[in-house]
Every structure is written in structure tokens, then in C-alpha cells.
Amino acid sequence: MSGKAVGSIRIVLSYKRDGLTDSLEYNFSEAYSNKEPLPSEEELKSATYYVRYVPKEKTNKNIPDWVMVSKKGEFEEFYGISTFTQMFTFILLGIMVRMFARKNQATL
């Protein structure tokens with residue numbers, strides 16, 4: 001509908017992890033059109049990607065091998081907090097606010 005198509009890009013990132021060189025396959029999608037073409041191979045290679053991982057001494061059974069990649073050069077998410085936990089926290093906070101509001105209305 002917007003005149004754009006979506007291209008899937010797969011790159012392999014190499015980085016230092018616990019003193020050893022490791023690599024990771026990173027897939028992402030990019031919208032493109034005739035006016036805004038896909039980035040060239042040189043542009044993709046010159047871009048800086050942010051790789052965040054949990055060092056081996058800090059891993060546990062819940063986070064055995066957690067590696068995250070960002071194209072923005074910074075970490076975008078909360079560390080160690082799942083999306084479900086964030087959702088549950090916001091719902092619980094909303095319920096508490098509603099209960100507090102009802103209690104204040106009853107005392108007026």
C-alpha cells in the first residue's frame with residue numbers, strides 16, 4: 001500500500017566474548033522503494049552494531065546464553081526483564097491506581 005517492499009538482510013557479526021572471538025548471525029528487515037533503495041554491501045559493513053551478551057560467569061539456567069544486537073549503537077531493552085514481566089508490572093500498577101482512586105472517592 002505504501003509502495004515499499006521489504007527486504008530481509010542477514011549478516012554475520014564477529015566480536016570478542018570472554019576474551020575469545022565469537023560470531024553471531026543477525027537477521028533484520030529493511031523497507032525499500034525506488035526512491036529509497038536497500039543499503040549497499042559497503043554501507044552494511046561500515047555500520048556499527050551493538051552486541052550485548054551475558055558473560056559466562058554471570059549466566060544461569062534462566063539466561064544460559066543471552067546475546068542481543070542493536071543497529072542503533074546502544075542497548076534498547078531492559079536487562080534481565082522480560083516483556084511479560086513488564087506487562088504484568090504495568091497491569092498490576094493500573095489495578096493498584098484504580099483501587100486507590102475508588103478508596104479516595106468512597107471517603108469523600
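The side chains of Glu25 and Arg10 meet in a salt bridge, with 3.0 Å from N to O. A salt bridge here is a side-chain nitrogen of Lys or Arg within 4 Å of a carboxyl oxygen of Asp or Glu. This pair links distant parts of the chain: Glu25 sits in strand E2 and Arg10 in strand E1, 15 residues apart. Strands (E, at least two residues) and helices (H or I, at least four) are DSSP runs, numbered from the N terminus. The model is predicted; local features need pLDDT of at least 70, side-chain atom pairs count only at pLDDT 80 or more, and totals for chains, interfaces and linings use all residues. Residues are numbered from 1 along each chain as its sequence is written, and side-chain values use heavy atoms, without hydrogens and water.

Two salt bridges are present in the structure. The other joins the side chains of Lys45 and Glu41 (3.1 Å, N to O). Both residues lie in helix H1 (residues 41-46), four residues apart, about one turn of the helix. Lys45 is exposed, at 65% relative accessible area. Buried means under 20%, exposed over 50%, and partly exposed in between (1.4 Å probe, protein chains only).

The largest nonpolar core has eight residues: Ile9, Ile11, Leu13, Tyr26, Phe28, Leu44, Tyr49 and Val69. Such a core is a set of buried Ala, Val, Leu, Ile, Met, Phe, Trp, Tyr and Cys residues joined through side-chain atoms within 4.5 Å. Strands E1 (5-17) and E2 (20-32) each supply at least two of its residues. E1 gives the largest share, three residues.
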